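The exercises below are each followed by a worked solution. Please keep the sequence and the model in view while working through them.

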Amino acid sequence: MQIPANSIRFLRTAAVDGGAPCEAIRLTQYDKSMPVAAVTLTENGVKYTPPEGALLKVRMKKPDGHSVYNNALGLWNNGEVLFLFTQQMTAAFGEAFLNVEITLPDTGAVKCSDPIPVFISENAVQQKDIESSDEFLTLVEILELCKKLAAAAQKSAENAAESEASAESSATLSESWAVGGTGTREGEDTDNSKYYSEQSSKSAQQAETSASSASASASASASSETNAKASETASAQSAASAAEDAQRAEDAADRAEAIVDGDAFMKKAVYDANGDGKVDTAENAEQLGGIPANSFLQKTGDGSNLTAAFTQASARANLTAGEKLAVSFGKLMKWFSDLKTVAFSGSYNDLSNKPTTLKNPTALTLQMNGGSSQTYDGSAEKTFNVTPAGINAFSKTDVIPLSNGGTGVTRVLDLYTQLKMVPITVVKTTDSNGQVVLATEWWPGQNILYVVATLSGSTGTSVRMENPQANKFTFTCFNGSNRLANTAVRLNFIFGTGWNIWE
């Protein structure tokens with residue numbers, strides 16, 4: 001069984017979570033063609049396919065308040081929900097809406113699509129024999145209804161044909177009584193209006209009487225002939241209309257039966273046998289909806305020459321999966337238009353509202369050796385006043401430990417012991433080179449931390465210590481840049497346990 005090219009009349013998209021409004025479906029009152037609608041469901045912006053075994057129904061609130069609660073026909077090739085518009089669903093004109101209902105097989109939970117608007121235009125001729133009422137049909141009943149309507153339409157066509165034949169017979173009989181010569185009635189050639197009219201001319205009285213009779217008979221015959229022709233025309237029109245209704249009903253029955261029975265042409269394994277995501281033949285494409293093969297962009301087709309009209313979005317927003325290209329491009333355009341020059345130059349000079357004074361945004365608390373604390377919050381310049389209370393000042397008699405910056409002693413003589421330093425003064429006379437040589441036995445286990453040369457009554461005295469050689473240190477004494485040769489000098493040493501070298 002083939003699916004007619006116009007099998008799906010309405011393709012719509014509806015959300016099950018409050019998405020974008022669905023485009024309205026428009027029908028005419030008393031529509032007998034029983035059109036099929038295919039609804040793609042979405043959830044969170046992406047396509048939602050009802051799970052296998054789900055119960056699919058259609059709820060409709062008609063304009064006159066009556067309700068429809070029918071089974072859907074099933075799922076189409078890509079998971080769209082298919083349902084049929086019965087004649088009862090279009091019995092009342094006005095604005096209505098319907099919902100697709102999915103009952104999940106595992107939990108029994110029910111999902112409903114957002115309302116799908118349905119506008120039913122008023123038929124110019126109202127049919128009193130079709131009254132709007134509630135309708136609750138199962139899938140089997142819908143299929144049976146399609147078959148009954150197809151049979152009724154066929155019967156109507158047969159009755160119209162019989163009526164046409166009856167009209168032709170009536171016209172022939174009228175002609176027989178008017179003029180004869182039809183061969184349908186015995187003695188019709190001498191038993192008709194024309195014959196009696198001719199006979200009436202034989203005598204004036206007979207003519208007048210016969211003429212009156214013939215005139216009346218002729219009028220009756222003409223009226224009968226006119227009525228017969230009108231009946232013939234009406235019957236022909238009725239037959240044509242009935243034939244069209246029969247064909248529409250038969251097509252609808254074929255569509256419903258094919259969808260319910262899983263017609264071969266609706267199966268992907270048939271129309272896409274090689275599995276490349278494309279309809280294999282033009283014939284298959286026409287059976288699926290009249291779209292020739294390769295006349296539309298496939299999932300893996302070349303879209304390099306596609307164009308998209310769009311306008312800039314009013315506010316920055318992130319891209320969303322499943323949205324239209326025009327919406328995505330509008331969002332991207334808004335992001336690019338809001339970028340500043342610095343986004344492309346990377347230059348500090350292109351920044352706006354550059355700070356003139358760097359400030360620390362984090363509060364800073366200073367506390368001096370356990371004393372009172374002071375806080376800096378970075379909002380403005382601030383001067384910290386360090387008071388004696390802030391550094392734990394000591395009195396003159398306190399022994400200040402080394403950890404607090406003191407010496408840890410109360411007498412100067414103890415300072416050297418505390419600091420592990422030994423002061424020594426040596427008086428020596430320099431040789432002719434201005435040098436003094438001392439053996440290292442002068443300071444066993446100690447290092448020279450400090451040495452200075454002094455000369456009574458002289459300024460600018462200095463001393464240079466040479467590298468030790470053979471357990472001896474050589475000191476060269478100067479007065480300015482001149483060596484102090486053969487001169488008594490005072491060398492003041494401070495020895496300790498180690499050096500602190502700063503570079």
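**Exercise 1.** Which helix gives the most to the nonpolar patch, and with how many residues?

*Solution.* The model is predicted, so local features need pLDDT of at least 70 and side-chain atom pairs count only at pLDDT 80 or more, while totals for chains, interfaces and linings use all residues. Residues are numbered from 1 along each chain as its sequence is written, and side-chain values use heavy atoms, without hydrogens and water. The patch covers about 870 Å² and includes F310, L319 and F344; such a patch joins nonpolar side chains (Val, Leu, Ile, Met, Phe, Trp, Tyr) within 5 Å, from residues with over 30% relative accessible area and no salt bridge. The helix that gives the most is α6 (residues 325-338), with 5 residues.

**Exercise 2.** Where do the buried residues of α6 fall when seen down its axis?

*Solution.* Start with the residues that are buried, meaning under 20% relative accessible area with a 1.4 Å probe and protein chains only: in α6 these are S328, G330, K331 and K334. Seen down the axis, the buried residues of α6 fall within an arc of 165°, so they line one face of the helix. On the other side of α6, L325 and F336 are exposed, a term for over 50%, with partly exposed in between. F329, also in α6, is partly exposed because its relative accessibility is 31%.

**Exercise 3.** How many disulfides does the model count?

*Solution.* With a disulfide taken as a pair of cysteine sulfur atoms within 2.5 Å, the count is 0.

Terms used. Patch = residues over 30% accessible without salt bridge, like charges linked within 9 Å, V, L, I, M, F, W, Y side chains within 5 Å. Areas by Shrake-Rupley, 256 points an atom, 1.4 Å probe, with all protein chains shown as cover. Salt bridge = Lys/Arg side-chain N within 4 Å of Asp/Glu carboxyl O. Helix = DSSP H or I, 4+ residues; strand = E, 2+ residues; numbered from the N terminus. Arc of directions from axis to C-beta.
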